[in-house]
Amino acid sequence: MPSFTSKRAASVPDSVFLVMDRAKSRRRRQGGEVIDLSIGSSDLPPPKEVMTALAEAALDPKTYGYCLKGCTRPFLEAATRWFAERFGVSFDPDTEALTLIGTQEGLAHLLMAVADPGDVLLLPEVSYPSYWGAARVAGVEPYPVPLDPAFRPVLEAIPPEPLRRARVLLLNFPNNPTAATADRAYFERALAFAEAHDLLIIHDNPYVDFIFEGEALPLLSIEGAKARTVELFSFSKSYHLGGVRLGFALGNAEAIAALERIKAPIDFNQYAGILRMGIKALSLPLARIREDVAKFQKRRDALVKTLQDAGVPVPSPKASLYVWMPLPSGTDDVTFALRLIETTGVAVAPGQGFGPGGRGYLRIALVQPPEVLKAAAEKIVAMLD
Ligand SMILES: Cc1ncc(COP(=O)(O)O)c(C=O)c1O
């Protein structure tokens, strides 16, 4: 029998989210309601001006040709201007910035661009699922770094052997799924660690605007970070544009050039109309985004208060789109999540979908209004009892 599956394709891990997807479909087929808190896809509408910019671009015949590097220049100028005005660090739009078809695409290609098969990728032991698959596609070996009680990778705990072969350290703050944030001191330690062990840091930062309390700066805002960092920014969360697929990378020029080389035979950049839309989004005043983030904060409060009032020891996230809830010890997260959807219609993400360290946790996405989240929390509490 011929095989039409490469070893590479076969090595991509199955996701427990497929199991959840099937459970959601079963429930819907049976006529049951589903409150879907299992994926981080915002339910809020994109800003009106941003949708208008896309609609106008779609009616302009000039936007339909292949979009080569020169065509992305206005977008990259807007992206670098956005970062400089907000965080005070300048990047060259020609050499230190690149358009992405979403950060998920960018990250997968970036790993291929900066690491070789057999190299080690250091990543948090609880991580966004696509990281594990992207590592396999690139042929790099993921090494799960243990987390401290604040869910930040303990870099000093990495043994010498994986460290010797490590090429990249992948970080993500504010974090999906744990909601962990990093302060300046943590980032400075991570940069010193990268320097000492000759690593590139990839910082995946789609939640740059999703800060409820305190400060959570991009890694590239730290002086000198660009020597060892590529940071990825997305339009999916801040502007509720997950389906449109747009992001950008900023940082180290050599890594950006390598990414551009890898992408050249694969894609022709994003559609020029979507780039125009992105320029519009980046020009919006920060206050507009903060209005939406305040809505997510109210949602967080409704969900967390209901759980905490019922005695569930769940921390209130200071950032991100998620609540990371520990289950009572010995409770299997996949079994619990399946029973929850089958009996109540509430869909959440089981923690082990994010890696071995996620066992015994549920990730609840704040993608419904406060009253729906409160009702969902009551159902979770009833199931715990
Ligand atoms: C940590 C993280 N990275 C990347 C993505 C995907 O972003 P994009 O839509 O830009 O591909 C998500 C989406 O949930 C995410 O949580």
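Author: What follows is a set of questions and answers about a predicted model.

Reader: How is the chain divided into domains, and how far apart do their centres lie?

Author: Domain 1 is made of residues 10-39 together with 287-384, while domain 2 covers 48-284. The C-alpha centres of domain 1 and domain 2 lie 26 Å apart. To the contact between them, domain 1 gives 26 residues and domain 2 gives 30 residues.

Reader: What is the buried area between domain 1 and domain 2, and on which atoms does it lie?

Author: The size of an interface is often given as the accessible area lost when the parts come together. Here domain 1 and domain 2 bury about 2,500 Å² between them, with 66% of that area on carbon and sulfur atoms.

Reader: What makes the pair Glu213 and Arg300 a salt bridge?

Author: The term asks for a side-chain nitrogen of Lys or Arg within 4 Å of a carboxyl oxygen of Asp or Glu. In the pair of Glu213 and Arg300 the closest N and O atoms are 2.8 Å apart, and the pair therefore counts as a salt bridge under the 4 Å cut-off. Across the interface of domain 1 and domain 2, the rule finds two salt bridges, and it also finds ten residue pairs in polar contact, both residues of each pair being at pLDDT 80 or more.

Reader: Which elements give two or more residues to the side of domain 1 that touches domain 2?

Author: They are helix 11 (286-309), strand 9 (322-326) and strand 12 (361-365). Helix 11 gives the most to this side, with seven residues. By kind, the residues of the side of domain 1 that touches domain 2 divide into 14 nonpolar, seven polar and five charged.

Reader: Why is Arg152 called buried?

Author: Arg152 has a relative accessible area of 18%, and because buried means under 20%, the word applies to Arg152. Arg152 is found in the loop between strand 4 (141-145) and helix 7 (160-165). Leaving aside residues up to four places away in sequence, Arg152 touches Pro146, Leu147, Phe173, Thr181, Ala182, Asp183 and Tyr186.

Reader: How do you know whether Pro313 is buried or exposed?

Author: The relative accessible area of Pro313 is 64%, and since exposed means over 50%, Pro313 is called exposed. Pro313 lies in the loop between helix 11 and strand 9.

Reader: How far apart are Pro313 and Gly32, in sequence and in space?

Author: Pro313 and Gly32 are separated by 281 residues in sequence, and by 30 Å in space from C-alpha to C-alpha.

Definitions and conventions. Residues are numbered from 1 along each chain as its sequence is written. This is a predicted model: local features need pLDDT of at least 70, side-chain atom pairs count only at pLDDT 80 or more; totals for chains, interfaces and linings use all residues. Side-chain values use heavy atoms; hydrogens and water are left out. Domain bounds come from an automatic or database domain assignment. Contact means heavy atoms within 4.5 Å. Buried area is the accessible area (1.4 Å probe) that two parts lose on being put together, summed over both. A polar contact is a pair of N or O atoms within 3.5 Å; within protein, one must be able to donate a hydrogen and the other to accept it, and residues adjacent in sequence count only if both atoms are side-chain atoms. Helices (H or I, at least four residues) and strands (E, at least two) are DSSP runs, numbered from the N terminus. Ala, Val, Leu, Ile, Met, Phe, Trp, Tyr, Cys and Pro count as nonpolar, Asp, Glu, Lys and Arg as charged, and the others, Gly among them, as polar. Buried means under 20% relative accessible area, exposed over 50%, partly exposed in between (1.4 Å probe, protein chains only).
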